[in-house]
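Look at the sequence and the model first, then read on.

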Amino acid sequence: MLGAGMLGTSPKHLAALMFCAIPIFFFFFFFHTPTSWDSSSTIPPSKPSNPWSSIALAIEDTKDLADQRDIFDSTLEGGARIRQACMLFSSEDTAHQMGANAVYERSVRTHLKHAEKWGYPSHILREDIIGHGKWEVLVFGKLLYLQSIIIAELTKPIGKRAEWIVWFDADTIILNENIPWSIFLPPREDFNDIHFLGNKDWHSFNCGLFMMRINEWSVNFLIQATALPLLRPDVPLGVPIPNMEQDAMRWVLDQEGYKEHAVYQPRLWYNTFAQGPDKEPETKMGDMLIHFPGVEHKYPLMGHWLDIVENEPEKVNIPLANLTLHSNIKGFWANLRTAKQALHNATEYTTADVIVQQVFNKHPELGDELKETSKRLERLVYEEPFQQKELKEATLLVDAALSRASNARAEAERHEAQQKEQAKVKEEKKKEEKEEEKKQQEEKEKKEQQAKQTKQAKEQQQKAGQGDKQAEDQQQGYH
Ligand SMILES: *[C@@H]1O[C@H](CO)[C@@H](O)[C@H](O)[C@H]1NC(C)=O
Ligand SMILES: *[C@@H]1O[C@H](CO)[C@@H](O)[C@H](O)[C@H]1NC(C)=O
């Protein structure tokens, strides 16, 4: 129902879908009387976030509290780490849809029971905020309601704010309540820039189930998606399925500044469809959740699954330790981490290095390969990281392109070093030759000098010889 993606539905089915998507208010049984600090639409978990009650609980039931450690950042400090929200309201036009409404009350109750176990306060929108029953408009109530909850959280001191909010459409049933929402959240060490977790069906983004971080990014995102039909009437929404809010969210999620912060996880983790692309059921025992978008005979089928959950819970509540989910999740983040590293490396490589630029000028095929493989990997990282085989392959291709470029770079460096070495040798030889020449020249000059000196000395001697003779003569003359 609400925001369920399904192409190929006949107009008759569509009408039926839209109709039943607005179930009438039949009755609603609150598990817990809302306390004064919550609005009437908020159902606090019985393990309250009130610090004094937590202490009381700790004394009463420490084992249970230990199970819930990942929910509370600190039992004495914050509120719940995760909240959840959904909408389910009536319209007088659909007063005869009693049966449908009763089914939705039951499906929402499975979420409340799950929230009870794990300590998530639940918000349920019970009134039509906008649209007056007009489907194309009222679906935006989802985005407005989320805004109101997120902003209300942001008005609290930091330690008391929830960190994430989970949205679920009312036509989803929690099957395996042993799986907490927290296990899907991004690892804190290196994915703090991820603010949106969603999933895609065979058409595209499915907004029946998603998680948002409680922060400014999410407020901006919701504002943009809500305003899209008002400010950008040129963007086609609700064609061919009138899931306007889903299309608006998808459009914003595709934009720069948003796509980098969203991660699409494997849908089967928490949004299995009662009818897959081939109309066959996708859901297995142990799966966390079943969703009924565009399903024929929806209410009897929902009733069938609800009967199992309500009467034979041991069939669906498989312990987490018996499932491969936990290691699959770890593997998913590990693959995404490596893929992002490869992308980062490729970007660094192409932009920051003069030698690489020279190599790419000389071997354009190396640059093209790195560019193309990076582009493919980037698309997978932002749009379909849940295609894990493709993601891994694309990462390997970028790594291969990087190592080819890197080898070429090393080769270029070696070549350059060699040339430098040769030039140096040549230079030195030249220098030596010059020095030799200089030496020879000096030698020559020295020899010439010596020759000159010898000659001069000889001449002087000769002169002196003559002088002696004169002196002798003179001496002889005296005597
Ligand atoms: C879970 O695994 C344990 C240990 O292997 C096994 O004894 C138990 O029957 C399993 N439970 C379910 C519900 O599969
Ligand atoms: C990215 O570069 C770093 C540092 O050079 C390297 O250790 C790492 O293996 C590279 N990762 C990938 C996926 O290419």
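In α11, L336, A339, K340, A342, L343, A346 and T350 meet L370, S374, L377, E378 and V381 of α13. Contact here means C-beta atoms, placed from the backbone, within 7 Å. This is a predicted model: local features need pLDDT of at least 70, side-chain atom pairs count only at pLDDT 80 or more, and totals for chains, interfaces and linings use all residues. Residues are numbered from 1 along each chain as its sequence is written, while chains are lettered from A and ligands numbered from 1 in the order in which they are written.

**α11 against α13**
- The contact of α11 with α13 holds 8 nonpolar, 2 polar and 2 charged residues. Nonpolar covers Ala, Val, Leu, Ile, Met, Phe, Trp, Tyr, Cys and Pro; charged covers Asp, Glu, Lys and Arg; the others, Gly among them, are polar.
- The axes of α11 and α13 (residues 364–383) come within 10 Å and cross at roughly 145°. Axes are lines fitted to C-alpha atoms, for helices over the stretch in contact, with angles from 0 to 180 degrees between N-to-C directions.
- α11 and α13 cross in a left-handed sense; that is, the near helix is turned anticlockwise from the far one by less than a right angle.

**α6 against α7**
- Helix α6 (residues 141–154) and helix α7 (residues 216–231) have axes that come within 10 Å and cross at roughly 155°.
- That angle makes α6 roughly antiparallel to α7, a label for angles over 145 degrees.
- The α6 and α7 crossing is left-handed.
- From α6, L143, L144, L146, Q147, I150 and I151 meet S218, V219, L222, A225 and T226 of α7.
- By class, the contact of α6 with α7 has 8 nonpolar, 3 polar and no charged residues.

**Shell around ligand 2**
- T338, Q341, A342, N345, D399 and L402 surround ligand 2. The cut-off is a C-beta atom, placed from the backbone, within 6 Å of the ligand.
- α11 (325–351) and α14 (388–478) each supply at least two residues of this shell.
- The most comes from α11, with 4 residues.
- The shell around ligand 2 divides into 2 nonpolar, 3 polar and 1 charged.

**Whole protein**
- The protein has 14 helices and 10 strands. These are DSSP runs numbered from the N terminus: H or I of at least four residues for helices, E of at least two for strands.
- Of its 479 residues, 35% count as buried, with 20 or more other C-beta atoms within 10 Å of their own C-beta atom.
- Among contacts between residues at least 6 apart in sequence, 73% join residues at least 24 apart.

Technical notes: Parallel < 35°, antiparallel > 145°, perpendicular 65-115°, else oblique. Contact = placed C-beta atoms within 7 Å. Buried ≥ 20, exposed ≤ 12 C-beta atoms within 10 Å, placed from the backbone.
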